[in-house]
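User: I would like to go through some of the labels used for this model. Please set each one against its cut-off.

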Amino acid sequence: MAQVTVTIDGKAYRMACEEGQEAHLTELASEFDRYVGHLKGQFGEIGDLRITVMAGIMVMDEMAEINRRLAAAEEELAGFREGRDTALSGVHHREEAVAHAISDLADRLNGITRKLTQRPAPQPQA
C-alpha cells in the first residue's frame, strides 16, 4: 500500500492508498483544499471542523447534482435507444413488404411472359 502526504488548510495529512493512485489522491485532496479555502475566504475562521463539514456538504451537493444530471442523461439515452429500436423495426417491416411486393411483381411478370411465349406469332398481313 502506498503512502501520500496531502495538505488541506495548511495541515499535512499522511494517507494510504492503492499503488498507482498517489497522484489521484493528491489531486482529490488539492480539490478539497480549494473548497476549504473558498469557505474560509467567505466565512473567516469559524473552526476547522465546521469548515471541513461545510466543504464536505458542498462536495456532496455537487455530487447530488451530477447524479441528477447523469440520471436524466441516462433516461434520455434510453429514449433514444427505444426510438432507434422502433425505427429499425419499422425499417425491417418495410423491407419485408418491399421484398414481398417485388416477389409478387416477379410472379406476375413471369405469368405475362408465359402467356406471351405461348401465343402464336402474329401472321404477316398480305
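Analyst: This is a predicted model. A place to begin is L109, which is found in helix α2, residues 48–118.

User: Why is L109 called partly exposed?

Analyst: Its relative accessibility is 47%. Partly exposed covers values between the buried limit of 20% and the exposed limit of 50%, so L109 counts as partly exposed. L109 also belongs to a nonpolar surface patch with L105, I112 and L116, with about 390 Å² of accessible area together.

User: What makes K40 and D9 a salt bridge?

Analyst: The closest N and O atoms of K40 and D9 are 2.8 Å apart. The cut-off is 4 Å, so the pair qualifies. K40 lies in helix α1 (residues 22–43) and D9 in the loop between β1 and β2, so the bridge ties together parts that are 31 residues apart in sequence.

User: How do you know whether K40 is buried or exposed?

Analyst: K40 has a relative accessible area of 18%. Buried means under 20%, so K40 is buried. D9, at 23%, is partly exposed.

User: What makes R68 and E65 a salt bridge, and where do they lie?

Analyst: Their closest N and O atoms are 2.6 Å apart, within the 4 Å limit. Both residues lie in helix α2, three residues apart, about one turn of the helix. Elsewhere, salt bridges that share partners join D9, K11, K40, E45 and D48 into one network.

Conventions:
Residues numbered from 1 in each chain as written. Predicted model: local features only at pLDDT ≥ 70, side-chain atom pairs only at ≥ 80, totals over all residues. Heavy atoms only, no water. Patch = residues over 30% accessible without salt bridge, like charges linked within 9 Å, V, L, I, M, F, W, Y side chains within 5 Å. Areas by Shrake-Rupley, 256 points an atom, 1.4 Å probe, with all protein chains shown as cover. Salt bridge = Lys/Arg side-chain N within 4 Å of Asp/Glu carboxyl O. Helix = DSSP H or I, 4+ residues; strand = E, 2+ residues; numbered from the N terminus. Buried < 20%, exposed > 50% of the residue type's maximum accessible area, 1.4 Å probe, protein only.
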